[in-house]
Amino acid sequence: QKFGAHVLIAKGATALGCDCRAYSVQIGDSPPLRARCVVIASGAEYRKPELENLSRFEGVGVYYAATFMEAQLCADEEVIVIGGGNSAGQAAVFLAQTAKRVHILVRSGGLAETMSRYLVRRIEEHPAIELHSHTELIELAGETHLARVRWRNSQSGAIEASEVRHVFILAGAVAATQWLRGCLVVDD
């Protein structure tokens with residue numbers, strides 16, 4: 001602002017117009033803003049499993065990080081960690097310090113190809129951690145808070161239900177660049 005920049009706080013840009021010399025940024029229903037230079041820092045969005053009512057339980061049973069606060073919320077309870085990368089492995093080991101049992105659900109056949117060897121070893125050696133390979137979450141249920149879940153093994157077709165109240169989704173993130181498609185070239 002000191003050097004003449006105009007700061008606008010808005011919910012989010014929905015389109016970038018790059019068909020003329022000055023760019024235009026569409027923000028909601030307002031007229032497009034024009035600028036010679038646009039700095040895009042749109043962050044990332046968590047990868048989420050396709051579950052019918054996932055958003056209903058976000059923050060009340062479904063979490064995207066495993067911090068000290070969440071670890072205290074699920075002390076002496078069974079929890080699920082979804083994901084096969086290092087973040088999921090670190091979360092599982094961390095949560096196993098306070099949780100009764102940690103179920104790791106991965107769609108693949110194991111962790112060796114996507115997780116550091118030291119983490120795989122710690123998970124295999126921890127008595128409170130159970131790996132469910134070829135498995136995905138298929139249902140979340142509860143009233144005001146997550147109360148129970150169901151998961152399916154893709155090889156056997158077996159479905160298991162459990163009264164798990166805490167699910168940690170650590171399946172990575174993707175750049176929040178969908179709104180730039182058709183205007184800027186973006187990589188994978």
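## Salt bridges, helix packing and cysteines

Arg165 counts as partly exposed at 33% relative accessibility, where buried means under 20% relative accessible area, exposed over 50%, and partly exposed in between (1.4 Å probe, protein chains only). The model is predicted: local features need pLDDT of at least 70 and side-chain atom pairs count only at pLDDT 80 or more, while totals for chains, interfaces and linings use all residues. Residues are numbered from 1 along each chain as its sequence is written, and side-chain values use heavy atoms, with hydrogens and water left out.

A salt bridge is taken as a side-chain nitrogen of Lys or Arg within 4 Å of a carboxyl oxygen of Asp or Glu. The count comes to four salt bridges. One of them joins Arg165 to Glu77, with the closest N and O atoms 3.0 Å apart. This pair links distant parts of the chain, 88 residues apart: Arg165 is in the loop between strand 11 (159-162) and strand 12 (166-169), and Glu77 in the loop between helix 2 (68-73) and strand 6 (78-82). Helices (H or I, at least four residues) and strands (E, at least two) are DSSP runs, numbered from the N terminus.

Arg101 and Glu130 also meet in a salt bridge, at 3.3 Å from N to O. Arg101 belongs to strand 7 and Glu130 to strand 8, so the pair ties together parts 29 residues apart in sequence. In a further salt bridge, Glu139 and Arg150 have their closest N and O atoms 2.6 Å apart. Because Glu139 is in strand 9 (residues 135-142) and Arg150 in strand 10, this pair ties together parts eleven residues apart in sequence.

| Residue and class | Relative accessible area |
|---|---|
| Arg101, partly exposed | 25% |
| Glu130, partly exposed | 29% |
| Glu139, partly exposed | 31% |
| Arg150, partly exposed | 33% |

Strand 10 (residues 146-153) also holds Ala147, which is partly exposed at 27%. Ala147 has contacts (heavy atoms within 4.5 Å) that include Glu163 and Arg165. Ala147 and Glu163 are 16 residues apart in sequence and 5.8 Å apart in space, C-alpha to C-alpha.

In helix 4 (residues 117-125), Leu119, Val120 and Ile123 are buried. They cover an arc of only 100° around the axis, and therefore sit on the same side of helix 4; the arc is that of the directions from the helix axis to the C-beta atoms. Arg117, Glu124 and Glu125 are exposed on the other side. The cover over the buried residues includes helix 3 (86-95), strand 7 (101-105) and strand 8 (129-132).

The structure holds zero disulfides, a disulfide being a pair of cysteine sulfur atoms within 2.5 Å. The sulfur of Cys37 is 13 Å from the closest cysteine sulfur, that of Cys183, too far for a bond. Cys37 is exposed at 60% relative accessibility, whereas Cys74 is buried at 0%.

How values were computed
Lists of a residue's contacts leave out its neighbours within four places in sequence.
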